[in-house]
Amino acid sequence: MSSPANDPRQPAAARPYKPSPVAPQDLPIDYSGFIAVIFGVFGAMFRYKICSWLAIIFSAQSLANMRNMENDLKQISMAMMFGIMGLMTNYLGVGPRASKKT
């Protein structure tokens with residue numbers, strides 16, 4: 001082991017890390033928000049329950065990891081509305097009607 005007298009580090013020169021500011025258009029793509037929108041559209045259009053539930057889950061994940069308030073909130077709210085609309089049509093919508101035989 002080296003003695004403290006031979007230590008080359010300089011504690012007086014240490015500065016705390018400050019991340020450089022990043023413009024909103026330079027942020028990486030929010031893949032969970034994009035996947036939430038895709039699943040929400042599939043769940044609402046094709047009446048897939050699993051897609052609607054996945055849209056809700058991915059939109060909650062995207063909400064938890066939101067970086068840009070303005071753009072991400074629009075995308076998350078759209079995905080959440082598609083997911084809720086898909087669940088409403090699946091669980092409360094009109095199902096296939098039985099044909100009446102006379």
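Gly43 is buried, at a relative accessible area of 0%; buried here means under 20% relative accessible area, exposed means over 50%, and partly exposed lies in between, with a 1.4 Å probe and protein chains only. The glycine Gly43 sits in helix α1.

Before going on, the ground rules. This is a predicted model, in which local features need pLDDT of at least 70 and side-chain atom pairs count only at pLDDT 80 or more, while totals for chains, interfaces and linings use all residues. Residues are numbered from 1 along each chain as its sequence is written, and side-chain values use heavy atoms, with hydrogens and water left out.

Now the overall layout. The chain has three helices and zero strands, in the order α-α-α along the sequence. Helices (H or I, at least four residues) and strands (E, at least two) are DSSP runs, numbered from the N terminus. Of the 102 residues, 22% count as buried.

Helix α3 covers residues 69–91, and Ala79 is in it. Ala79 is buried, at 1% relative accessibility. Ser59 is 20 residues away from Ala79 along the chain, with 6.3 Å between their C-alpha atoms. Met81 belongs to helix α3 as well, but Met81 is exposed, with a relative accessible area of 53%. From Met81 to Ala44 the C-alpha separation is 9.7 Å, across 37 residues of sequence.

Next, the surface. Which residues form the nonpolar patch? They are Ile29, Tyr31, Phe34, Ile35, Ile38, Phe42, Met45, Phe46, Tyr48 and Ile50, with about 1,100 Å² of accessible area together. Patch residues have over 30% relative accessible area and no salt bridge; like charges are joined within 9 Å, and nonpolar side chains (Val, Leu, Ile, Met, Phe, Trp, Tyr) within 5 Å. A salt bridge is a side-chain nitrogen of Lys or Arg within 4 Å of a carboxyl oxygen of Asp or Glu. Helix α1, residues 31–46, gives the largest share of the patch, seven residues.

Arg47 is a backbone point to check on the model. Arg47 is in the loop between α1 and α2 (49–64). Its phi is positive, about 60 degrees, although Arg47 is not a glycine. Most residues other than glycine have a negative phi. Arg47 is partly exposed, with 38% relative accessible area.

Last, the largest pocket, which has a volume of about 170 Å³. A pocket is an open set of points on a 1 Å grid over the protein atoms alone, with protein on both sides within 12 Å along at least five of seven lines, and lining residues have an atom within 4 Å of a point. What lines the largest pocket? Its lining includes Pro24, Leu27, Pro28 and Ile29, and also Asp30, Asn65, Arg67, Asn68, Asn71, Asp72 and Gln75. By class, the lining divides into four nonpolar, four polar and three charged residues. Ile29 is listed both in the nonpolar patch and in the pocket lining.

Key
Areas by Shrake-Rupley, 256 points an atom, 1.4 Å probe, with all protein chains shown as cover. 1 Å grid on protein atoms, 1.4 Å probe; cavity = no way out; pocket = protein on both sides within 12 Å on 5 of 7 lines; lining within 4 Å. Points joined across faces, edges and corners; volume = space filled by probe spheres on them. Nonpolar A, V, L, I, M, F, W, Y, C, P; charged D, E, K, R; others polar.
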